[in-house]
Amino acid sequence: DGEYNSSTNTPGATIYNLEADTEYGIWVEYVHDYGMNSSGIVLATPLEPTGAPVWRLQLVAEVDSWDQFANTSNPEWLLKDTENYLGAATDGSWGYDEDHDIPEPAANPGNYISLFFDHPEWDTFWGSHFTEDIVFDDDDFFSTNLTQWNGTVVSNVQGSATIQFSINIGAVPSNYEMYVELDGEYTRIENDTTATTVDFYMDGSSQQDFSVFIGNIPPQAPDN
């Protein structure tokens with residue numbers, strides 16, 4: 001559509017907010033040591049998803065760069081990664097689903113924060129980082145087991161950081177419990193319109209791992 005979309009240093013990129021059954025013209029500009037090359041325009045028509053998630057949570061990661069927002073109240077210091085989701089769909093599976101499991105886009109070339117679910121075992125062309133992780137909507141399984149999603153937050157700046165959890169699509173069955181584990185601490189994710197937030201600190205060079213548990217019983221920390 002004649003509009004610049006994004007930059008990436010990886011073999012692929014995800015383009016969001018496209019309308020199904022609408023034809024788009026897409027081209028790529030490749031910058032290298034000797035200049036720049038441009039591809040021809042490729043026409044493509046995205047299809048309607050085969051099935052929306054029955055329920056889905058949105059995860060928003062945020063970091064206050066060098067805690068300057070706290071000092072200045074200038075929102076430009078806040079970096080966010082908002083398009084992160086986990087959930088269940090009737091046509092989902094416990095492995096890779098091209099209709100639901102969306103690769104994590106490349107980070108901005110400047111300061112950034114990125115949240116993703118890591119799945120090297122899927123061995124896909126897109127790599128191992130995914131911004132959306134949807135599983136099979138199996139109520140019998142969820143009602144007698146816990147399903148675990150393992151996530152990671154990375155950033156190239158230091159500062160106070162948070163992850164916010166909220167229900168984005170549908171309703172999570174009322175008999176399911178939802179918890180996030182971060183640094184050995186378990187926080188209950190509210191199963192209503194209330195957002196749940198956990199906080200931590202990014203040092204600008206390492207990553208913050210966390211896990212989300214959803215099922216019929218609360219997770220329990222090890223005894224030792």
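Reader: R56 and E132: buried or exposed?
Author: In this predicted model, R56 and E132 are both buried.

Reader: What do R56 and E132 form, and how far apart are the closest N and O atoms?
Author: They form a salt bridge, with the closest N and O atoms 3.1 Å apart. The pair links distant parts of the chain: R56 sits in strand 5 (residues 55-64) and E132 in strand 9 (residues 132-136), 76 residues apart.

Reader: How many salt bridges does a search of the whole structure find?
Author: Four. One of them is R56 with E132. Another joins the side chains of E177 and R188, at 3.1 Å from N to O. That pair also links distant parts of the chain, with E177 in strand 12 and R188 in strand 13 (residues 185-188), eleven residues apart.

Reader: Which residues are linked with R188 in a network?
Author: E177 and E190 are linked with R188 in a network of salt bridges. The side chains of E190 and R188 meet at 3.3 Å, N to O.

Reader: How accessible are E177, R188 and E190?
Author: E177 is partly exposed, with a relative accessible area of 21%. R188 is partly exposed at 36%, and E190 is partly exposed at 30%.

Reader: Back to strand 12. What about E181, buried or exposed?
Author: E181, which is in strand 12 (residues 177-182), is buried and has no salt bridge.

Reader: Why no salt bridge?
Author: The nearest side chain of opposite charge, R188, is 17 Å away. A salt bridge needs a side-chain nitrogen of Lys or Arg within 4 Å of a carboxyl oxygen, so E181 has no partner.

Reader: Which backbone nitrogen lies 2.7 Å from a polar atom of the E181 side chain?
Author: The backbone nitrogen of G184.

Reader: And what does E181 touch?
Author: Not counting residues up to four places away in sequence, E181 touches Y186, F210, S211 and F213.

Reader: Change of topic, backbone angles. Which residues have a positive phi without being glycine?
Author: D67 and S73 are examples: phi is about 55° for D67 and near 65° for S73. Most residues other than glycine have a negative phi.

Reader: Where are D67 and S73?
Author: D67 is in the loop between strand 5 and helix 1 (68-72). S73 is in the loop between helix 1 and strand 6 (78-89). As for accessibility, D67 is partly exposed at 22%, while S73 is exposed, with a relative accessible area of 56%.

Reader: Now the surface. Which residues form a nonpolar patch?
Author: I15, L18 and I26 do, with about 210 Å² of accessible area together. I15 lies in the segment before strand 1 (24-26) and is partly exposed, with a relative accessible area of 34%.

Reader: What is the accessible surface of the protein?
Author: About 13100 Å², and 48% of that belongs to carbon and sulfur atoms. Of the 224 residues, 34% are buried.

Reader: Last one: how many helices and strands?
Author: Two helices and 15 strands. As for contacts between residues at least 6 apart in sequence, 72% join residues at least 24 apart.

Terms used
Residues numbered from 1 in each chain as written. Predicted model: local features only at pLDDT ≥ 70, side-chain atom pairs only at ≥ 80, totals over all residues. Heavy atoms only, no water. Helix = DSSP H or I, 4+ residues; strand = E, 2+ residues; numbered from the N terminus. Buried < 20%, exposed > 50% of the residue type's maximum accessible area, 1.4 Å probe, protein only. Lys, Arg positive; Asp, Glu negative; His and termini not counted. Polar contact = N/O pair within 3.5 Å; in protein donor to acceptor, adjacent residues only side chain to side chain. Contact = heavy atoms within 4.5 Å. Patch = residues over 30% accessible without salt bridge, like charges linked within 9 Å, V, L, I, M, F, W, Y side chains within 5 Å. Areas by Shrake-Rupley, 256 points an atom, 1.4 Å probe, with all protein chains shown as cover.
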